[in-house]
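Open your viewer and get ready to click along.

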Amino acid sequence: MVGYDVMSSGFEKLLRPREFCEAVGISYNTLKQWVREGRVKVYRTATGRWRIPYSEVERILGLRQGYTGETRAVIYARVSSSDQKSDLERQVEYLTQYCASKGYRVVDVLSDVASGLKTERRGLLKLFNQVVNRQVDVVVVTYRDRLTRFGFEYLEYFFKQYGVRVEVAFGEEPKGAYRELVEDLIEIVTSFAGKLYGMRSCKKKKLVEGFKKLLEEAEKSE
């Protein structure tokens, strides 16, 4: 741990840990890890509290952005099936314009044709690798469910530990996006039914078919 007496800091502005974390966009646990690794210079008060010089904020942000002053953005787009590829192209086109309007430098464009429930997506796994290796500052998606159908907050928290934020251009998925949601629900029911009765059992098939019929009836009644 790098530590200095606070009196040796001269007249430079000193930040409390909370202020430094907010300025850099990291958690307090990440700050503690950086201090242990000697990646951040800290001063100690007479009572042993940390104070971080503001120059460390500028240095960290400069390192993260490659000293270019630019925000590195990764565009992530997803559709659930191959017949939706035109929508995939529209997502990428819009997000490219979105990043340009924000002044972001797009360092990569990632996409997947897969369910939002599937975790082993090639594009998503590449995104995780870029986040962990601190190659990106912001991940941009059209809707929250493009990144994941469930557990968006967990991914957002995970990215934040590496100083990466997620920007959602449109917010929640539109109510008209019914088909993909139905497909995801069927996938969930199929998975649970398979675990309960076995993937080839008659009970499993009957349960899944019954659920599909229920969804069809619900759609007709609307």
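Throughout this tour, buried means under 20% relative accessible area, exposed means over 50%, and partly exposed is in between (1.4 Å probe, protein chains only). Helices (H or I, at least four residues) and strands (E, at least two) are DSSP runs, numbered from the N terminus. Keep in mind that this is a predicted model: local features need pLDDT of at least 70, side-chain atom pairs count only at pLDDT 80 or more, and totals for chains, interfaces and linings use all residues. Residues are numbered from 1 along each chain as its sequence is written, and side-chain values use heavy atoms, with hydrogens and water left out.

**Stop 1: helix α4**

Select residues 85-102, which form helix α4. Color L88, Q91, L95, Y98 and C99, which are buried. Looking down the axis of α4, you will find these buried residues within an arc of 95°, so they line one face of the helix; the arc is that of the directions from the helix axis to the C-beta atoms. Now turn to the other side of α4, where E89, E93, A100 and S101 are exposed.

How far apart are the end C-alpha atoms of α4? They are 26 Å apart, which agrees with the 26 Å that its 18 residues should span at 1.5 Å a residue. The expected span is 1.5 Å times one less than the number of residues. Just after α4, click on G103, which takes a positive phi of about 80°.

**Stop 2: D108**

Move on to strand β6 (residues 104-113) and pick out D108. With a relative accessible area of 17%, D108 is buried. Which side chains does D108 join through polar contacts? One is K126, at 3.2 Å, and another is Q130, at 2.8 Å. A polar contact here is a pair of N or O atoms within 3.5 Å; within protein, one must be able to donate a hydrogen and the other to accept it, and residues adjacent in sequence count only if both atoms are side-chain atoms.

**Stop 3: salt bridges**

A salt bridge is a side-chain nitrogen of Lys or Arg within 4 Å of a carboxyl oxygen of Asp or Glu, and by this rule the count comes to eight. Select E22 and R18, one of these pairs, at 3.5 Å, N to O. Both lie in helix α1 (residues 17-24), four residues apart, about one turn of the helix, and both are exposed.

Finish with D145 and R146, whose side chains meet in a salt bridge at 2.5 Å, N to O. Are these two residues buried or exposed? D145 is buried, and so is R146.
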